[in-house]
Amino acid sequence: NWYVNHYVKVQGNFVTESGELVGKQEVEIRCRPRKKEMEGSFRLRHERLQDFKNLYQYAPRPIFIEGGIADLTMRCTLTGGTHVALTVHTRVQNLDLGGKVGEVSWADIMRAVEDENRIYEWTVPVEGDLSDPAFNPHDYVLDEVEWKMKEKAASRGLKIPGQMFFYADTPEAPEQ
């Protein structure tokens, strides 16, 4: 029954002009509007991150994406119309970044957090209420990733000074 359940599943590929497959996307959502519930997942994989080289060129501290592979999966559940449980998992490999955090290069940071196969992955769960104006899953996830990266880098002898990412309350932060 249309009023009881809605289900959407979308899949697609990223292909170069020459026909080379360089990534894929998958979205799957199930909604139960009368129960004010939704669950879904979003996966994005791209194998030529250099295609996004200038994505962050206008950030207060520019970061340039020189290469790598990224695989991002987000799973989300909405209950009661306002309570959100979100899990973000990211795996990057051979991620080459230009730019600096303070005097530390992103290249040094990535070397400090990657394993011997140049893989770095993390998972961050976050829960909150959409009606709470202080609930900001974007900033929560970034804060957790920053903390995890700094902790791992420190365990390998690299101290990352200052703030790595930009948040809603960061002076000069780009609009989100």
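Before we start, strands here are DSSP runs (E, at least two residues), helices are H or I runs of at least four, and both are numbered from the N terminus. Two strands pair if DSSP finds at least two bridges between them. This is a predicted model, where local features need pLDDT of at least 70 and side-chain atom pairs count only at pLDDT 80 or more, while totals for chains, interfaces and linings use all residues. Numbering goes from 1 along each chain as its sequence is written, and side-chain values use heavy atoms, leaving out hydrogens and water.

Q: Which residue in the turn between S2 and S3 has a positive phi?
A: S2 covers residues 21–32 and pairs with S3 in the antiparallel sense over 10 bridges. The two form a hairpin with 4 residues between them. The turn residue with the positive phi, about 55 degrees, is Lys-36.

Q: Which residue is the bridge partner of Glu-26 in S3?
A: Stay with the S2–S3 pairing, which is antiparallel. Glu-28 stands opposite Ser-41. For Glu-26, the bridge partner in S3 is Arg-43.

Q: How many bridges join S3 to S4?
A: These two strands run antiparallel. One spot to look at is His-46, which stands opposite Ala-70 in S4. The number of bridges joining S3 to S4 is 9.

Q: Which strands stand at the edges of the sheet?
A: The sheet is open, with 6 strands in the order S1-S2-S3-S4-S5-S8 and antiparallel pairing. Each edge strand has a single partner, so one side of it is left without a neighbour in the sheet. Those edge strands are S1 (6–15) and S8 (119–129).

Q: At what angle to S8 does helix H2 run?
A: Angles here run from 0 to 180 degrees between N-to-C directions, with axes as lines fitted to C-alpha atoms, for helices over the stretch in contact (heavy atoms within 4.5 Å). Helix H1 (residues 106–113) lies across S5 and S8, at about 115 degrees to S5. H2 (residues 137–155) also lies across S5 and S8, and its angle to S8 is about 145 degrees.

Q: Is Tyr-56 buried, partly exposed or exposed?
A: Find Tyr-56 in the loop between S3 (37–46) and S4 (64–79). Buried means under 20% relative accessible area and exposed over 50%, with partly exposed in between (1.4 Å probe, protein chains only). At a relative accessible area of 43%, Tyr-56 is partly exposed.
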